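Trainee: I am new to this structure. Could you take me through the terms used for it, one by one?
Mentor: Gladly. Have a look first, then ask.

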Amino acid sequence: MGSTEYPYRKKGSYAGIPYDIKAKTEEELGIKYARRIDAIKKGTLTSGGSTLVNRWAEKYFDAYVAEKVSDGVLDDRKSTYKNHIAPYIGVMKIRDVNSGHCQNIANNMKGYSKDRIDKCCQLMYNMFKKAKSEKLIYENPAEDIVRPQGEDGKGRPATMQERALMLMVAKDHRAGLWLHTILYCGMRPSETDRFKGGHINYDAGLIYIDGTKSESAKRIVPAPAHLLADLKALNRGPNEYIFKNAYGDRMRKSSRAKLWNNFKREMNIRAGCRVYRNEVQEPFMIAEDLIPYCFRHSYATDLKDAKIPFRIRQELLGHAGDSVTDGYTHRTETSLKIATALLEKFRVDQDKEVQLMQQKILQEGYQKEEKITEDLTHKFFPHLL
């Protein structure tokens, strides 16, 4: 028997290749075992360094990743490999890949988000680490990759001025309700793709979020009455997606990007940018690093400022950290009621602050924020920097 999380375990070797399989059920163990033996029989794990990287990646995902993650996460990792790794080393023999090839892949990701760069580099490292453990190669060529700086750094919440302008533009823009949902429910932008009518309990004022990043990502959050009213007005069926692209299909990464780019264009125009031949002219007023994910950070900040206890904030955000402590902390109706009450009280005062900022924008214009930071030392003790 295995650990508490994976009570079923099978260790051994086949054709001289060791395996160690863990599962939550006996049936799952059988499936994983059959998959592993099939991979060995096909010769993928015994063909040595002459195996092509594409071939190894295929079996790596099948034998070592699929059994541990959700379908959504698996698809994301395969997409990362297909788009960022395969074009450069996919047809090479695994033994011929060196650190220079891996560093080149990382360098070519300059301009992507820090999260995407980290995922790509980690995927390369894990793929070659497993190849090394299977004795296909002697060294891991992705061991010491220097990662380029991501465009969005570590992420940040929107400033009060950015929030105020976003809410102004959102009133008559098709992306408005989408951004409201991220801001008031803390959804990851990708989680809005799977948001359906059946995920809303209007009577209880609650929304179910079908997150896939971890088991904790599947969660229930309270929603403000005005957001529920706007969602209800869409009249979506239980299995119908709330947010759709221009063709009436479910939202995806590409459609989200187009929607946000159009919305940010309108923010820049409302902030005072000149338009020439239908093109917004530089200098842009809206910060380059403002992205939809910033409004999830804003939600997290609101939870903290509303004095919601840490454990409840962790649940509402769908974070998987502090797993040991979480074993003794369970989601209850009481925690949701506490969060709802504290957020409602906090948002009354926050709405007044937003309205004052919106009046200031209308009277004095949008003031470009050259340096956006959460560093309070910079704000209150600039002479120490």
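**Terms and the values behind them**

Mentor: Glutamate 191 counts as buried, at 3% relative accessibility.
Trainee: Why is glutamate 191 called buried?
Mentor: Buried means under 20% relative accessible area, exposed means over 50%, and partly exposed is in between, with a 1.4 Å probe and protein chains only. Glutamate 191 has 3%, so buried is the word.
Trainee: What kind of model is this, and how are residues numbered?
Mentor: This is a predicted model, in which local features need pLDDT of at least 70, side-chain atom pairs count only at pLDDT 80 or more, and totals for chains, interfaces and linings use all residues. Residues are numbered from 1 along each chain as its sequence is written, and side-chain values use heavy atoms, with hydrogens and water left out.
Trainee: Where is glutamate 191 found, and what does it touch?
Mentor: Glutamate 191 is in the loop between α7 and β3 (200–201). It touches Ile209, Gly211, Ala217 and Arg219, not counting residues up to four places away in sequence. Contact means heavy atoms within 4.5 Å.

Trainee: What makes a stretch a helix or a strand?
Mentor: Both are DSSP runs, numbered from the N terminus: helices are H or I with at least four residues, strands are E with at least two. The protein has 14 helices and 7 strands.
Trainee: How much of the protein is buried?
Mentor: Buried residues make up 41% of its 385 residues.
Trainee: How much accessible surface does the protein have?
Mentor: About 21,800 Å², of which 50% belongs to carbon and sulfur atoms. Such areas come from the Shrake-Rupley method with a 1.4 Å probe; for residues, only the protein chains shown count as cover.

Trainee: Why are the buried residues of α4 said to lie on the same side?
Mentor: In helix α4 (residues 99–107), the buried residues are Cys102, Gln103, Ile105 and Ala106. They cover an arc of only 155° around the axis, so they are on the same side of α4. The arc is that of the directions from the helix axis to the C-beta atoms.
Trainee: What do the buried residues of α4 pack against?
Mentor: They pack against α3 (71–89) and α5 (114–133). Histidine 84 lies in helix α3. It touches Ile105, Met109, Tyr112, Arg116 and Cys120, leaving out residues up to four places away in sequence.
Trainee: Is histidine 84 buried or exposed?
Mentor: Its relative accessible area is 12%, so histidine 84 is buried.

Trainee: How do the axes of α7 and α8 cross?
Mentor: The axes of helix α7 (residues 176–185) and helix α8 (residues 225–232) come within 11 Å and cross at roughly 145°. Axes are lines fitted to C-alpha atoms, for helices over the stretch in contact, and angles run from 0 to 180 degrees between N-to-C directions.
Trainee: Which residues make the contact?
Mentor: From α7, Leu177, His180, Thr181, Tyr184 and Cys185; from α8, His226, Leu227, Asp230 and Leu231.

Trainee: What makes tyrosine 241 partly exposed?
Mentor: Its relative accessibility is 24%, so tyrosine 241 falls in the partly exposed class. It is found in the loop between α8 and α9. Tyrosine 241 and lysine 196 are 45 residues apart in sequence and 4.3 Å apart in space, C-alpha to C-alpha.
Trainee: And where is methionine 285, and is it buried or exposed?
Mentor: Methionine 285 is in the loop between β7 (279–280) and α10 (293–305). It has a relative accessible area of 18%, so methionine 285 is buried.

Trainee: What is noted about phi of lysine 135?
Mentor: Phi of lysine 135 is near 65°, a positive value in a residue other than glycine. Most residues other than glycine have a negative phi, and most peptide bonds are trans. Lysine 135 has a relative accessible area of 71%, so it is exposed.
Trainee: What is the peptide bond from glutamate 282 to proline 283, cis or trans?
Mentor: That bond is cis, with omega near 5°. Proline 283 is in the loop between β7 and α10.
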